[in-house]
Amino acid sequence: MDPVEKNGVIDRWVKKHLVLYTGATRHPFILSIRDGTIDFSSFKRWLWLAVLMGIWLTGQDYIFVREFVPFAASVLLKASKNSDDNSDTEVVLSGLASLSDEISWFKQEAAKWDVPLSDVIVHKSNQNYCRFLESLMLPAVEYSVVFTALWAIETVYQESFSHCLEDGNKTPPELLEACQRWGSEGFGEFCRSLKKIANRCLEKAPDEELKKAEVTFLRVLELEIEFWDMSHGGPK
Ligand SMILES: Cc1ncc(CNC=O)c(N)n1
């Protein structure tokens with residue numbers, strides 16, 4: 001890890017807010033996937049799996065990803081305007097490409113499990129998250145703030161699902177594909193690129209902007225925890 005990364009602003013914030021960060025990246029929901037802590041009686045297993053797939057197959061995450069696309073596109077727009085370093089644009093573009101692949105994956109999974117993705121009831125925590133994303137799309141929101149949000153949103157999933165793939169995991173085989181989608185080394189590489197860009201911008205940000213970016217980071221963690229809570233409590 002090069003020196004900027006080690007002592008970068010983001011690593012400082014992760015350390016400072018480790019409890020909330022761990023709450024988002026080691027949520028009981030994620031631990032229950034990694035430990036496969038499901039009652040192996042077939043009915044409960046199936047039910048548990050249905051609850052678990054609920055996050056994806058009641059379409060909550062599908063709705064999130066559909067809302068996340070315009071947000072990521074707004075970051076791409078800001079990146080193309082930010083003269084600093086146009087390699088930022090390529091990083092964001094690669095993220096958008098994986099999003100389009102993700103949407104097709106959701107559709108095929110929904111078809112496989114025979115779950116309609118249209119007129120899904122949007123859960124409260126999902127509505128909050130989508131409204132938050134919309135607030136970040138306003139032109140006035142600073143580049144360092146939106147990149148901090150983009151890095152945090154992607155990293156929570158990467159950290160969470162890569163944990164489910166670590167040695168000694170007991171992740172149910174049916175869920176390995178979903179875990180690999182976000183837990184893969186490639187996605188980890190993408191998150192590290194986002195972190196580099198965010199750190200570069202945050203190093204130069206005035207205090208006011210730095211504070212806004214930190215608050216945005218914490219808000220993403222809270223919203224991710226609420227999102228896991230929603231699925232942990234099952235589709236309501
Ligand atoms: C709630 C939530 N947070 C982050 C991600 C990962 N980013 C885009 O796919 C996701 N799919 N859903």
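E185 is exposed, with a relative accessible area of 54%, where exposed denotes over 50% relative accessible area, buried under 20% and partly exposed the range in between (1.4 Å probe, protein chains only). The model is predicted, and local features therefore require pLDDT of at least 70, side-chain atom pairs count only at pLDDT 80 or more, and totals for chains, interfaces and linings use all residues. Residues are numbered from 1 along each chain as its sequence is written, and side-chain values use heavy atoms, with hydrogens and water left out.

The side chain of E185 meets that of R192 in a salt bridge, at 2.4 Å from N to O, a salt bridge being defined as a side-chain nitrogen of Lys or Arg within 4 Å of a carboxyl oxygen of Asp or Glu. R192, which is partly exposed at 41% relative accessibility, also forms a salt bridge with E189, with the closest N and O atoms 2.9 Å apart. R192 and E189 lie three residues apart in helix α11 (residues 185–204) and are thus separated by about one helical turn; helices (H or I, at least four residues) and strands (E, at least two) are DSSP runs, numbered from the N terminus. E189 is partly exposed, at 43% relative accessibility.

Ten salt bridges are found in a search of the whole structure, including one between K16 and E214, whose closest N and O atoms are 2.7 Å apart. Because K16 belongs to helix α2 (residues 9–16) and E214 to helix α12 (residues 207–232), this pair ties together parts that are 198 residues apart in sequence. K16 counts as exposed at 55% relative accessibility, whereas E214 counts as buried at 7%. A network of salt bridges links K16, K211 and E214.
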